[in-house]
Amino acid sequence: MSLRPTALAIAAALAFAAPTAFAAAPDQTVEVQTTRTPAPVAASNADTQGYAQREQKDATHVANYQGGSTLVIGISGGALLVILIVLLILL
């Protein structure tokens, strides 16, 4: 497989520019600022009872749930395949 000039240019740019772009100069100092977050508030008894009631009410809906994940995975995989083919044609 022969490399096209654009692919070679992109590979060279990534090989030489990426390591130097993220390297810090030795004379640079980094300032770190820390903050304290407040402690989370515990749930009240009324909240937990409300959650328990909603969970019991939704238990019948959850038991009858039928997902459509196969369709989503198929469409996502097809879109990814089309993108890869287009990228291979352009490069």
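Here is a short chat about the predicted model shown above.

Visitor: What is the secondary structure of the chain?
Guide: Three helices and zero strands, in the order α-α-α. Helices (H or I, at least four residues) and strands (E, at least two) are DSSP runs, numbered from the N terminus. Residues are numbered from 1 along each chain. Because this is a predicted model, local features need pLDDT of at least 70.

Visitor: How much of the chain counts as buried?
Guide: Of its 91 residues, 0%. Buried means under 20% relative accessible area, exposed over 50%, and partly exposed in between, with a 1.4 Å probe and protein chains only.

Visitor: Why does H2 lie largely in the open?
Guide: Because zero of its 19 residues are buried.

Visitor: Where is the kink in H2 centred?
Guide: On Lys-57, with a kink of about 35 degrees. The bend is the angle between axes fitted to the seven residues ending there and the seven starting there.

Visitor: Switching to Leu-84, which helix is it in?
Guide: Leu-84 lies in H3 (residues 69–90). Leu-84 is partly exposed, at 44% relative accessible area.

How values were computed. Predicted model: local features only at pLDDT ≥ 70, side-chain atom pairs only at ≥ 80, totals over all residues. Heavy atoms only, no water.
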